[in-house]
Amino acid sequence: FPITNVAATASSENIGDMGPGQTVDGSGLNADDQHSVEPTDMWLSSSLPTAPQPTWIQFEFDDVYDLYEMWVWNSNQLLEPVIGFGAQDVTLEHSLDGENWTSLGEFQIPRAPGVPNNAHDATFDLSGISAGFVRLTVNSGWGGILDQFGLAEVRFFFVPVAASDPAPAVRDLGVPLDVTLDWRSGRGAVRHEVYLSKDEAAVVDGTALVDTVDTTYYQPGTLEYGQIYYWKVNEVNDAADVPVREGEVWEFSTVENFIVEDFENYSAENPIWETWIDGLGFGAAGTPGFNPGNGTGSAVGDDTQPSFTEETIVNSGAQSMPLFYDNNKAGAANYSETERTFDQTQDWTTGGVSQVSLWFRGQAASVGSFVEAPAGTFTMTGSGTDIWDVGTAGDYGDEFHFAYKTLTGQGSIVARVESVDNTDPWAKAGVMIRESLAPGSAHAFACVTPENGVASQGRIDTASTSFNTAEGGITAPHWVKLERSIAGVFTVSHSTNGTSWVPVSGSNPTNIQMGSSVYIGLAVTSHNAGATCQAVFSNVATTGNVSGQWVNQDIGIANNDPEQLYMALEDSAGRVGVVNHPDGPASSQTGDWTLWAVDLAEFADQGVNLSGIKKIMLGLGDRANPVAGGSGTMYFDDIAVGNPVQSETLGLNLLANGGLEDGVADPWSTYGGVTAEVVTQLVGAAVPEDPIEGSSCLHLNVTGVGANFWDVGLQHQGHVFEAGKKYTLSVFMKAKEGTLDINLKPELAADPWTGFGAEVVTITDQWAEYSITTPVMTADVDPAAITLHIGFAAAEFWVDAARWYEGDYVAAN
Ligand SMILES: [Ca+2]
Ligand SMILES: [Ca+2]
Ligand SMILES: [Ca+2]
């Protein structure tokens, strides 16, 4: 093992950049360790008569090493055979501290030939010597005329005596609690002092000694979830000059939690509702294994899916638990709960755990409304994908808000559509007669749109394709009329004034068979599931046998009524603790997967014995004081117990949208001749493929190569590099073809654009991760940017999974 970080000093040096440092910096050496003939690749002492004699050169290591060998390349200038600057007779000395020296004796170094590519001229055996310093005093040179001597290069080798090759690797993440710490022993070590602590200082200063072992592994046995640990191993060899070799401080973080339930193991053969008991239970009364259910308004599972679980809306893996709740269900308690009883009681006190966490997702609240004010004027809002063929062929339905009464037999409805918001050119507001309130119901519809005029539309058969005849050039306010004949024929007409009516141009009366009793009323769709469309109606009038008061509801739009989400734990003694989600009833209307972490202390405070957990319950409503409420569907995934956050500081990505998963480039920006576009497929790659991480990455097309490679760039701005910290940039890149140079440069984002560890990397047509680690910042760098100079060549490439984090490189997950 060569010693790096050697510092050299000498009694004197010649002018012309021929200092002692040239002997320890690899200068002049080629890949085969052969030295050049360049004078500036070598050390030469001063020729002045005043230069101190004897001439010496001294080497200082960054630590005390157990030395093995010393190689010497003698002075090797072209004139060496003539002049003879090379050292001939030398005295070698070594020292631990640079003050007390021990002589190794006198040696001779062969003369170098003065030709290019000269291999080392001498090898000295230094085994058995522990030293922090080595000094070489020149007693005579090969020239014999001048007291001016030189060397081309030296190299020291050492016997590794400190512990090395730690496992887990330095900065490893997610290390299991039962990990065995492992290392490679230093040479000659007879025992090993293991230091381990969450407190880095206690390891550094040596107060965290946990054991002294004669093996090269150690099993801590007492680690905690979600913690960063620091450790080192001091190697002990009582017979050595330096009996204790201090180890480097290493670090790793432990796995954050253990999974209680990920819902991946349920199937048609092992139905989820036989483990997660709901209000329906399972089996048949009177037969073995029958479970009558828990008497609440819940229904777990989805028997339309092969696994009887949810397979599309999942937080992780391939399955989650759907839970339908109905807190107004006849014959059931007015809350909805599912419960799992553990086969064996769970001890949730080991491993330093503090939280139980759960991923859940609900469905958004309805945005539909229907208000009459002033009398005779109705303002409606609605969302929905469309009143049209939403869904899959054979199972089409509509999504809209509907206000209706009941019509029996023939009749008609008229309205003046005063306005309809342009949430889409095909947003729709109008009058409808509908067989049922199911999304795929047969219906007839006369509507006004923002940009496509007035239309006669409908669906003749349940769940089948819709029909449309539109007449353009018409906008609200406008009148529409829909008539149903005794034979079930529907006719649409429209009017500018409510008195003279004409058919929608090109439309025909259409026979749509429905039962005698149907729904008749007003319909609004935003034609945009993310938008709310408002429409205003006046002069609403019906004929025929129309009965009932106005009722309004969403049709075909999945919404949740507000209900309180709760988690409950029961211990083996039957003590129950309940914790409500802090969002209150709105917790059921969270439309995105949401992590909910509950302090276990909240259950302990209610008397639950955390070391004997028997049952976990998830529910909606108030299980202590049930009151009639609403309905909806919730999804649950990944119940875990641990410490979810602590280890995130190790390798925590500081880059927003580093993986381009936002679907837009922002906050990435470019300058110079390049276009950047977020893509989900690597079109143009040798083989079309997906991004390396997630579902999107950034495609860059460099077209305007300038005079300098830094004239074109990709940047992530708005950073501050904090004093005392170093950072690492890791980024995956792939060229469309061949290779491409990229300069990674974390920098001051202002003149003079100081770089912190700039480095040109060469990317290939295969995804690979490239990284650069900055030096420790000596002062805050603000404003700072992570910049990629990409102006080396006109080419296309992709960027993904970029990370910027404190410290040294951490492998991507
Ligand atoms: Ca050299
Ligand atoms: Ca799952
Ligand atoms: Ca990505």
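Tutor: Start with Ser696, which is buried, with a relative accessible area of 4%. Buried here means under 20% relative accessible area, exposed means over 50%, and partly exposed is in between, all with a 1.4 Å probe and protein chains only. Keep in mind that this is a predicted model, where local features need pLDDT of at least 70, side-chain atom pairs count only at pLDDT 80 or more, and totals for chains, interfaces and linings use all residues. Residues are numbered from 1 along each chain as its sequence is written, chains are lettered from A and ligands numbered from 1 in the order in which they are written, and side-chain values use heavy atoms, with hydrogens and water left out.

Ser696 gives its O atom to the calcium ion (ligand 3), alongside Gly659 (O), Glu661 (OE), Glu693 (O), Glu693 (OE), Asp800 (OD) and Asp800 (OD). Those protein donors lie 2.3 to 3.0 Å from the ion. A donor is an N, O or S atom within 2.8 Å of the metal (3.2 Å for Na, K and Ca), and water is not among the atoms, so sites may look incomplete. Along the chain, the donors are spaced G-x1-E-x31-E-x2-S-x103-D.

The calcium ion (ligand 2) has Asp262 (O), Glu264 (OE), Ser316 (O), Gln319 (O), Asp637 (OD) and Asp637 (OD) as protein donors, 2.3 to 2.8 Å away. Gln319 is in the loop between β20 (298-300) and β21 (321-326), and Asp637 is in strand β41 (residues 631-642), so the pair connects parts 318 residues apart in sequence. Gln319 counts as buried at 10%, and Asp637 is buried at 0%.

The structure holds 31 aromatic pairs. One of them is Phe709 with Trp710, edge-to-face, 5.0 Å centre to centre and 80° between the planes. Rings of Phe, Tyr and Trp (its six-membered ring) pair if their centres lie within 6.5 Å; planes under 30 degrees apart are stacked, over 60 edge-to-face, and the rest tilted. Phe709 is partly exposed at 26%, as is Trp710 at 43%. Phe709 also pairs with Phe792, this time stacked, with 4.3 Å between centres and 5° between planes. That pair links distant parts of the chain: Phe709 is in the loop between β44 (697-704) and β45 (713-721), Phe792 in the loop between β50 (781-789) and β51 (796-806), 83 residues apart. Phe792 is partly exposed, at 28%.

Last, the charges. A search of the whole structure finds 24 salt bridges, each a side-chain nitrogen of Lys or Arg within 4 Å of a carboxyl oxygen of Asp or Glu. Among them, Glu747 and Lys745 meet at 3.0 Å, N to O, and both are buried. Arg135 bridges to Glu93, with the closest N and O atoms 3.4 Å apart. Arg135 is in strand β7 (residues 130-141) and Glu93 in strand β4 (residues 87-95), 42 residues apart. Arg135 and Glu93 are both buried. The charged end of Arg135 also sits over the ring of Trp101, 4.3 Å from its centre; that label needs NZ of Lys or CZ of Arg within 6 Å of the ring centre and within 35 degrees of the ring normal.

Notes
Helix = DSSP H or I, 4+ residues; strand = E, 2+ residues; numbered from the N terminus.
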